[in-house]
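Please take the sequence and the model below together, and follow the paragraphs with both in view.

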Amino acid sequence: MFCTTLRKRKQWAPAVPGLLQFDKMRFRESKLDTHDVNLPLPSISPGQRYLRFVLLSNTDGDSAYKHQRVERLYHLSAGSDTAIIWLFGDNGDGPLSYAQFQIELTDKFDIPLVPLQSIEDLPLVLSRFHRAFLKADLFTRQTRAQPTSTGPIEALLPYSTVSPPLSEHKVHILSDVTVSFADLVNMVSSKEGRAEVARYLEQGDADRIIEFWSRECFFHQGYK
């Protein structure tokens with residue numbers, strides 16, 4: 001489901017036809033008060049659970065407006081089941097504005113910041129992120145159902161790579177340099193972050209982690 005106000009936002013209005021015509025996931029138009037897109041998630045308690053997105057770009061108001069929208073999103077569920085899509089602009093400042101907002105964001109909120117290279121890619125990016133989130137969420141719920149001394153991040157990190165899973169030693173290394181999945185996603189979304197992962201792990205392991213998020217989530221394949 002996406003908010004009807006996207007039609008009134010110059011940067012995001014071109015995405016509406018693509019959302020309505022997307023064949024891999026059904027998007028309906030509705031009025032959403034606090035966010036721009038929501039996608040259903042499985043819930044073990046009464047009531048519907050959603051993965052909620054706020055869509056932002058460098059031209060979406062001033063810094064105070066952006067932070068107000070993020071804060072409202074965060075407080076809906078204490079930061080869980082949320083993500084921000086950041087649209088790169090056509091004037092070449094996309095990576096810089098993305099990096100600046102990422103720095104501002106991580107100082108206050110633990111929410112994934114997902115880069116969007118082109119407005120036409122929005123339906124596919126939403127679909128891939130939703131699929132990756134469902135996979136991680138399933139592992140989290142399975143881990144909580146089993147008695148273990150391993151934290152949820154450490155339990156899921158072995159599977160944040162294409163086969164085979166990471167070894168226990170590599171998981172310990174990765175958990176020392178990333179504090180959350182949002183941190184890992186943000187790290188592998190930049191050239192500097194990918195280089196940092198490769199410094200701590202063998203290049204083959206780093207490549208498999210980056211390929212996993214490239215395939216399952218939202219990055220383009222030309223990351224090397």
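Is Phe129 buried or exposed? With a relative accessible area of 5%, Phe129 is buried, where buried means under 20% relative accessible area, exposed over 50% and partly exposed in between, for a 1.4 Å probe and protein chains only.

Some ground rules come before the rest. This is a predicted model, in which local features need pLDDT of at least 70 and side-chain atom pairs count only at pLDDT 80 or more, while totals for chains, interfaces and linings use all residues. Residues are numbered from 1 along each chain as its sequence is written, and side-chain values use heavy atoms, with hydrogens and water left out. The mean pLDDT of the protein chain, pLDDT being the predictor's confidence in each residue from 0 to 100, is 79, and 79% of the residues reach 70 or more. Over residues 218-224 the pLDDT is below 50, although this stretch has 23 contacts in the model beyond near neighbours in sequence, a contact being heavy atoms within 4.5 Å. Where pLDDT is low, the predicted coordinates should not be read in detail.

Strand β3 (residues 37-41) is joined to β4 by five bridges and runs antiparallel to it, with Leu39 standing opposite Leu51 in β4. Six bridges join β4 to β5, and these two run parallel; here Leu56 stands opposite Trp86 in β5. Between them the chain crosses from β4 through α2 to β5, a β-α-β crossover that is right-handed, which is to say that, with the strands pointing away from the viewer, the path from the first strand over the helix to the second runs clockwise. Strand β5 (residues 82-87) is in turn joined to β6 by four bridges, again in parallel, and Leu87 has Leu116 as its bridge partner in β6.

Helix α4 (residues 122-144) holds His130, which counts as buried because its relative accessibility is 8%. Leaving out residues up to four places away in sequence, His130 touches Met25, Leu39, Pro40, Leu41 and Leu51. Rings of Phe, Tyr and Trp (its six-membered ring) pair if their centres lie within 6.5 Å, with planes under 30 degrees apart counted as stacked, over 60 as edge-to-face and the rest as tilted; by this rule the count comes to six aromatic pairs. One of them is the edge-to-face pair of Phe53 and Phe129, 5.8 Å centre to centre with 75° between the planes. Because Phe53 lies in strand β4 and Phe129 in helix α4, the pair ties together parts that are 76 residues apart in sequence. Ring pairs also link Phe53, Phe129 and Phe133 into a cluster.

Helix α2 (residues 63-76) contains Arg69, which at 12% relative accessibility counts as buried. Apart from neighbours within four places in sequence, Arg69 is in contact with residues including Arg9, Asp36 and Leu56.

Note on methods: Pairing = 2+ DSSP bridges.
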